[in-house]
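Dear colleague,

Please find the structure below for your review. My findings follow it.

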Amino acid sequence: MWRLWISLWLQLLSRCHVAGNVLPVVKKSHFDAPVVDILWLGKDREIVMLYTERGTLHRSSDQAGTFEETKLHSGQRQVHVVRLLMSPNSSFIALAVGNRLETFATDDAGLSWHEIHHPNAIRLSFMFHPNRPEWALLSAWTEDCRDARPGSPCTHQLLVTRDLGRTALESVSRHVVQFSWGRGDFTDRIYFTHFRDKNTRQPMLSRWMESVDFVSTDDFGKHVTTHVPRGNKFVVSEQFTLVAQCLDPQSQNVQLMVRKHSTANRDQPFEKAFIPTNLAEKSYTVLDASEGFVLLHVNHGEGLGNVYVSDDTGTRYVLSLQHNIGVNGRAAFEKVSNLKGIYFANVWAAKNATGIEALPSSFAKSGWLEHGDYQLGEGSTMSQAEQSIRYLKARPSPTAEISSRRLALRNTSVSVHSLISFNAGGAWSTLKAPSSDSEGQPISCGNGCSLHLHDMTFQEHFVPFYSYDKAVGIIMAAGNVGQRLSYKAE
């Protein structure tokens with residue numbers, strides 16, 4: 001039997017006075033397999049729901065003191081749970097998803113469950129409404145989309161429920177690419193991108209296309225308004241909606257269309273973003289849009305990615321940082337979540353007598369840096385830290401790709417440097433090296449020595465940069481002191 005030790009340090013410390021040397025209680029429970037995920041539900045988060053690798057669901061109503069197995073059935077078949085999801089608006093509402101995409105919901109913290117009946121599908125997505133606990137969007141790739149049935153009428157359906165799936169789901173649209181609830185005064189609005197032609201098999205959006213539009217509906221699909229023709233992907237933040245519009249499907253160039261949310265004019269038109277460069281724009285990554293402006297990574301192709309900062313309208317940008325690394329749809333850029341205006345980034349650079357210089361054009365055109373496959377949007381959240389960015393095209397295996405990058409790094413003068421900004425991208429500087437290492441030994445590495453940290457673009461052997469909003473001023477990361485970032489595992 002597998003054992004789970006659940007320590008209630010945080011809850012106990014918040015509810016009792018520490019007296020003398022009395023320690024918080026640690027309780028032990030036994031399960032049939034390792035625990036995969038845990039949810040704390042109920043009014044005071046005293047109810048625990050968890051599932052194991054064998055798909056068994058367990059519930060405790062006494063702060064994890066004792067557990068009872070919860071069995072869910074779809075027809076006569078017991079459900080093998082593979083995911084739990086809690087509503088952001090109610091600690092009583094949660095979802096359980098089975099390995100055959102059976103979907104169950106509870107509104108009483110797991111006491112009772114009902115099945116949400118949806119179309120037969122090979123892939124499901126679920127998005128709770130930002131304010132209304134029982135409203136949600138659900139999308140389903142139909143079974144016709146299996147590779148074994150290439151001529152079948154494949155479609156990605158978008159559906160909505162306003163009662164947590166107790167009654168039949170309402171259809172919003174078909175041939176959908178991406179979808180999201182609105183923000184602010186637009187929370188009941190549904191934004192989505194879709195293929196105009198719904199009479200053929202829906203293709204995958206593996207490149208920018210002219211046949212996709214960015215639209216919205218305020219009445220669950222009865223009436224649809226087109227905002228950006230050829231708008232393929234989008235991001236919705238608290239203050240801005242940003243859309244990548246296809247300019248030329250042959251060259252794969254795009255432009256960014258932006259609208260700032262306004263209560264005075266709910267349907268003001270989108271404006272083209274002015275990005276001060278003659279370089280082509282291949283794709284975008286929204287790094288941050290939570291502080292009244294937009295911080296944007298623009299992929300210019302041939303391995304070039306620059307960071308730009310907008311004004312308060314989100315439409316006019318200035319260059320903040322050149323040659324920011326971009327790999328597999330993620331930029332080597334992090335926001336310190338507990339302090340405003342502090343950002344960390346890794347850049348491609350070459351060392352010479354004058355310090356850090358630009359990425360050599362011969363290296364940029366060598367091929368292995370050409371990653372035009374990351375696109376704007378999909379999760380439709382405000383920043384990369386909230387996993388708003390996804391990438392599209394199939395890639396080589398991560399191990400092979402990382403190995404090729406390491407080989408290229410060893411065979412060129414180009415290196416990776418870590419930089420930090422304390423004024424929202426206005427100026428960047430190296431990170432000051434510590435005076436001693438983790439064992440207390442003094443560090444001495446000569447002139448040009450600084451601290452370099454790993455980011456989320458290379459995670460084979462190193463944990464990425466991490467900060468937490470409840471731990472002000474504390475950052476955790478793996479890295480090294482020296483002239484450049486090291487990729488040695490030791």
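Which residue does a disulfide join to Cys145? The partner is Cys154, with an S to S distance of 2.0 Å; a disulfide here is a pair of cysteine sulfur atoms within 2.5 Å.

Before the remaining findings, a note on the source: this is a predicted model, in which local features need pLDDT of at least 70 and side-chain atom pairs count only at pLDDT 80 or more, while totals for chains, interfaces and linings use all residues. Residues are numbered from 1 along each chain as its sequence is written, and side-chain values use heavy atoms, with hydrogens and water left out.

The search of the whole structure returned one disulfide. The torsion about the S-S bond of Cys145 and Cys154 is about 90 degrees, so this disulfide is right-handed.

Cys145 is buried at 9%, and Cys154 is buried at 3%. Cys246 is likewise buried, with a relative accessibility of 0%.

As to the protein chain as a whole, 50% of its 490 residues are buried. The chain contains three helices and 41 strands, taken as DSSP runs (helices: H or I, at least four residues; strands: E, at least two) and numbered from the N terminus. Of its contacts (heavy atoms within 4.5 Å) with a separation of 6 or more, 51% are between residues 24 or more positions apart.

Yours sincerely

Definitions and conventions:
Buried means under 20% relative accessible area, exposed over 50%, partly exposed in between (1.4 Å probe, protein chains only).
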